[in-house]
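Subject: Structure handover

Hi,

Here is the structure I promised to pass on. Have a look at it first, and then read my notes below.

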Amino acid sequence: MPPGKVLQPVLKMKVDELFLCWLSESSTQAMLRDCLRRVRAPAGPPLGGGDAGPTPAPPAAAAAALHAPHAPRKPAAPALPLSAAPSPRGGTHARGARRPAGTRGVQTKKEDPLPPATSQSIPTFYFPRGCPKAAVDVDAVIAKVEAAFSHFPHEKATMDDMGQVAKACGCPLYWKGPLFYGAGGERTGHVSVHKFIAMWRKVLQSCHDDAARFTRLLVSPGSDHLVQEDFVPFVQDVVNTHPGLSFLKEAPEFHSRYITTVIQRIFYTVNRSWSGRITCTELRRSSFLQNVALLEEEADINQLTEFFSYEHFYVIYCKFWELDTDHDLFIDATDLARHNDHAISTKMIDRIFSGAVTRGRRVQKEGKLSYADFVWFLISEEDKKTPTSIEYWFRCMDLDGDGVLSMYELEFFYEEQSRRLDSMAIEALPFEDCLCQMLDLVKPQSEGKITLHDLKKCKQANVFFDTFFNIEKYLDHEQKEQMSLLHEGDSDGPELSDWEKYAAEEYDILVAEEAAGDPWDDGFEAELSPVDPKLRPQLDPRPFLEAPSGLGAVDLYECTDDLQLL
């Protein structure tokens, strides 16, 4: 067997084996012989035995017999073609003929289909493309679109004109990119009125809510889900036209990194299945489309902290640049271990590079972590209270992949924490005492194991995770008073998330360092790294930022042969 190949059970062979075992049993053979004997004697007693009396007729036959005593045999006769014809003789033979007639009535009831009224009374409840609401006046919408196109030369709209078309369609402004590309505008640089109307009419007739329409506009032909590459034109249009990102027009080298960051944050929040493919249902359950609508209303892009904030991108990229010493946009385990002054244990670093939470195979083959994977790591590290971050660290701690954290796995990670505390001359709790504290904190439903549901239900999952693999944050939690910690967990939630707090603090620090002229020795020539000085009042960049690839070379994941999480 080739190395690394997983054995797969052949279900059919196992079923055949079990069937043969059952067939070889003496009791099974006796039962089959008895059944065969009964089949060969159709006029004999029914399978239920002869002492139970005649089988009652079905309700319909009984009602017919009540009103017409001499007619019950006619509707029942054709139901069993294999039974003998009724004998005209009386006496014993006549009584014997009535017993098969009862049997015929029971079998007729079994063969009749269920009345269709039962299934027809259940209303449709599954609408993969949105629940149809009030009938949309498609002709009125098309008339508005035709009126918008009439103002364009030759009734053809370019990308710059699509804002008016989006409004005529009743869509948010920043749907203009998906509308343009959905109608095939990228091939010719413009969209004709007839081609757009044909596309939009089909969308309105088949998709009944915004999530279904947005998905339909972005997906590749023949697909029903969104992959990361589908979002690139949409985010590029936001970069090109949003007033809060106007300064980036003079720094195109930053476009690809910002686009990658936004797309990773979209999948981090929306793709709850971790499949690398966003379905219409996942999009509908998220707040992404609400944020897209806010792009039109909010001129300050940094106020949209969930996906589009430039400040958040700036912090993530700076943190990655600090670790990426050779600036090849990949970091290895040694580089990642330097994050936050070696706060994360080496065992957890190894688990991150094991492929438990990364896509593609480059991590396992070459031991390299891409910038896209680093976005997931940093957000999960700085905010361990969100569902995705809890799933992220749970996958890392679940060594055997059985869906639960056993006491052995907890001890495996705590062992290194204990050694590091001893090296810092800090007395570490024995594992048994630490375990009691964590079990009291999480309150698992099953004794001796912690599930993902237990951690999501617990309001202090960050304390649990930091106890086992982050020495700095573990000490911070220990310094807090227990009552204040409990009060924090019982509250409805801070006004800002832990990630938003971290990003705001780090951005202020980076801007202060730039304002103070703090030098950064990155080993590059000065002319390669600084951003244009006239962008600094708005961009606040550090002098080491340099992104070598443009949009045309955007590689959301460098290994595209496998988008599934391993």
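A word on naming before anything else: helices (H or I, at least four residues) and strands (E, at least two) are DSSP runs, numbered from the N terminus. Residues are numbered from 1 along each chain as its sequence is written, and side-chain values use heavy atoms, with hydrogens and water left out. Keep in mind that this is a predicted model, where local features need pLDDT of at least 70 and side-chain atom pairs count only at pLDDT 80 or more, while totals for chains, interfaces and linings use all residues.

Let's start with Phe19, which sits in helix 1. Phe19 counts as partly exposed because its relative accessibility is 46% (buried is under 20% relative accessible area, exposed over 50%, partly exposed in between, with a 1.4 Å probe and protein chains only). Phe19 also belongs to a nonpolar surface patch of about 510 Å², together with Leu20, Trp22, Met31 and Leu32. For a patch, residues need over 30% relative accessible area and no salt bridge, and nonpolar side chains (Val, Leu, Ile, Met, Phe, Trp, Tyr) are joined within 5 Å, like charges within 9 Å. A salt bridge here is a side-chain nitrogen of Lys or Arg within 4 Å of a carboxyl oxygen of Asp or Glu. Areas come from the Shrake-Rupley method with a 1.4 Å probe, and for residues only the protein chains shown count as cover. Helix 1 (11–23) and helix 2 (26–40) each supply at least two residues of the patch, and helix 1 has the largest share with three.

Next, the second largest pocket, with a volume of about 650 Å³. A pocket is an open set of points on a 1 Å grid over the protein atoms alone, with protein on both sides within 12 Å along at least five of seven lines; lining residues have an atom within 4 Å of a point. This one is lined by 23 residues, and Asn340, Glu382, Lys473, Asp476 and Tyr502 lie nearest its centre. Helix 29 gives the most to the lining, five residues. By class, the lining has 17 charged, four polar and two nonpolar residues.

Finally, two loop residues. His327, in the loop between helix 17 and strand 3 (330–331), has a positive phi of about 55° although it is not a glycine. His327 counts as buried because its relative accessibility is 12%. Lys443 also has a positive phi of about 55° without being a glycine, but Lys443 is exposed, at 58%.

Cheers

Conventions
On a 1 Å grid over the protein atoms alone, a cavity is a set of points where a 1.4 Å probe fits but cannot get out, and a pocket is an open set with protein on both sides within 12 Å along at least five of seven lines; lining residues have an atom within 4 Å of a point. Grid points are joined across faces, edges and corners, and a volume is the space filled by probe spheres set on the points. Ala, Val, Leu, Ile, Met, Phe, Trp, Tyr, Cys and Pro count as nonpolar, Asp, Glu, Lys and Arg as charged, and the others, Gly among them, as polar.
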